[in-house]
Structure formats: C-alpha cells, structure tokens
Amino acid sequence: MLSNIRVVLVGTSHPGNIGSVARAMKTMGLSNLYLAEPRCEPDGQSVALAAGACDILKNLTRVESLHEAIKDCALVIGTSARSRTLDWPLLDPRQAGGKLAAEAVSGPVAIVFGRENHGLYNEELQACNYHVFIPANPEYMSLNLAQAVQIICYETRIAHLALENQAAEVTEYPLMEENERFFEHLERTLTGTGFIIKNHPGQVMTKLRRLFTRARIENHEMNILRGILTSIEKAVGSKK
C-alpha cells in the first residue's frame, strides 16, 4: 500500500532538501519520490543528508511537469498555506494521511510539495483534489521542506497501520487525466449551449472545478456525467 503513495517535490532548488526528504520518507516506510521541474540534481550533500536513504535517491523519478507526475493518480493532495483567494477543500495533516492511506489500497496517490521559497502556484493547486495545511504556531510558521514532508508521512503511516487489519471497501475514482478530459468535455458542452460565452468565460469553470473536486466523483458517476454531456451535445447539434 505504501508503495502507491508518491511524494512529489515541485521546483526544488536545494540538493540538501532532496536528501532530507528521502530520509523523512524512509523513516515512515515511503519510498516513491518524484521530482517535477527540479532546479537542481541530487549530489553529495543530498547523499549525506539522506543518512542511509540513498536507495530512494537512486530510484527517484524525474519529470518535466506536475501534470506528468500525477496523471495516473486518483487522489492528489497539495500542501498549501491558508488562502482566501483560492477556496479549495482543505484538510489537516491527519485527514490527509487518512485519505492517502485509504485510497492507496486501490492505486497511486500523491502528496505534492511546492518550491522552497513560494510553494505551489494557483494553477498547480487547482490540479489537486484537496489542499493540506499544517497548523503550526502562527507566530513562528518556519517549517522547512523536509519537516513538512515528515509530518504528512507520519500521519499517513499512522493511518496505514490503522487500516492494516481492516477489510475496507475500495472505492474507485477517476485518474487525474480522466478528470481533465471531463472538465474539457464540460466546458465544450457549456460553450456549445451558450451557457459559457467563449470571449467572456468568467470564473464558471473554476467554480465548477471546485464543485466537482469537492464532491469527489467516483468512476461510475463520472461515466454518467460524461453520458449526460454527450446527450446534450447531440441534442444541441440536432437543433442547429
């Protein structure tokens, strides 16, 4: 189960952080590390700070974008500070660990960490199903990257241990690339009906993304929605 949980670092710029993250992961039994758009490569400092977790460094996966790192995942949680401008489903670390452990039973899931200096961009955060916020001391919120990874990995391991002896029912969710095809289909259909005005789309799709992300559509529900959109397209086409 834990091998299905990938830690994705986006735009990492310090080799030492990569090593420290590998160490944090291995102490909690996680081993699947992805570097998306890395600004540096693991080096001697990475190896030194990995402190025996060099196997994770050796087997890490480098990709060109966050999309490539998560496209086959059914659950993606992005780490974020609290935001008033991006109202997205928000979890605490314990809730995030529980969801990662539960859904890793059926396939790949990802926890995404942003750049050391300014985290994840809004576009990247919108690619995630949930955001997780670590409620540190508001007067000194000075967690470094490896510490943040350690906290989430710890909560994930605790949730995993709690599930080990439970026969939980497995719910299947669409992969991220399937979600993207659904949103493209939805936008195309709503544009075809005139609900979305092509030259003035406004915030409709952002709000609909938030709605469906919050709802966590299951595979069979997604098939129903795609069928509804197709039927609308046919009906609109027949009237033209």
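Which polar atom of a side chain lies 2.8 Å from the backbone oxygen of His185? The atom belongs to the side chain of Thr189; point 6 returns to this residue.

1. Basis of the note. This is a predicted model, in which local features need pLDDT of at least 70 and side-chain atom pairs count only at pLDDT 80 or more, while totals for chains, interfaces and linings use all residues. Residues are numbered from 1 along each chain as its sequence is written, and side-chain values use heavy atoms, with hydrogens and water left out.

2. Overall build. The protein chain contains 10 helices and seven strands. Helices (H or I, at least four residues) and strands (E, at least two) are DSSP runs, numbered from the N terminus. The radius of gyration is 19 Å, close to the 18 Å from the globule rule for 240 residues, so the chain is as compact as a globular protein of that length. That radius is taken over C-alpha atoms, and the globule rule is 2.2 Å times the number of residues to the power 0.38. Along its principal axes, the C-alpha trace spans about 70 × 45 × 35 Å.

3. Of the 240 residues, 43% are buried. Buried means under 20% relative accessible area, exposed means over 50%, and partly exposed is in between (1.4 Å probe, protein chains only). The chain exposes about 12,900 Å², and carbon and sulfur atoms supply 50% of that area. Accessible areas come from the Shrake-Rupley method with a 1.4 Å probe; for residues, only the protein chains shown count as cover. Among contacts between residues at least 6 apart in sequence, 84% join residues at least 24 apart; a contact means heavy atoms within 4.5 Å. The mean positions of the 25 positive and 26 negative charges are 4 Å apart. Lys and Arg count as positive, Asp and Glu as negative, and His and the chain ends are not counted. Each charge is placed at NZ of Lys, CZ of Arg, CG of Asp or CD of Glu.

4. Helix α5. In this helix (residues 93–103), the buried residues are Pro93, Ala96, Gly97, Leu100, Ala101 and Glu103. They pack against several elements, including β1 (5–10), β4 (75–79), β6 (109–113) and α7 (145–163).

5. Val76 is part of strand β4 and, at 0% relative accessibility, counts as buried. Asn32 belongs to strand β2 (residues 32–36). The side chain of Asn32 reaches the backbone oxygen of Ser3 at 3.4 Å. Beyond its neighbours within four places in sequence, Asn32 is in contact with Ser3, Ile5, Arg6, Val7 and Met25.

6. Thr189. This residue sits in helix α8 (residues 176–193). Is Thr189 buried or exposed? Thr189 has 4% relative accessibility and therefore counts as buried. Apart from neighbours within four places in sequence, Thr189 is in contact with Leu229, Ile232 and Glu233.

7. Ser65. The loop between β3 (61–63) and α4 (66–70) holds Ser65, which is partly exposed at 24% relative accessibility. A polar atom of the Ser65 side chain lies 3.2 Å from the backbone nitrogen of Glu68. With residues up to four places away in sequence not counted, Ser65 touches Ala36 and Glu37. Ser65 and Ser13 are 52 residues apart in sequence, and their C-alpha atoms are 15 Å apart.

8. Ala51 is not a glycine, yet its phi is positive, at about 50 degrees. Ala51 lies in the loop between α2 (44–50) and α3 (54–58) and is partly exposed, at 48% relative accessibility. Arg216, also a residue other than glycine, has a positive phi near 55 degrees. Its place is in the loop between α9 (204–215) and α10 (219–239), and at 9% relative accessibility Arg216 counts as buried.

Technical notes: Polar contact = N/O pair within 3.5 Å; in protein donor to acceptor, adjacent residues only side chain to side chain.
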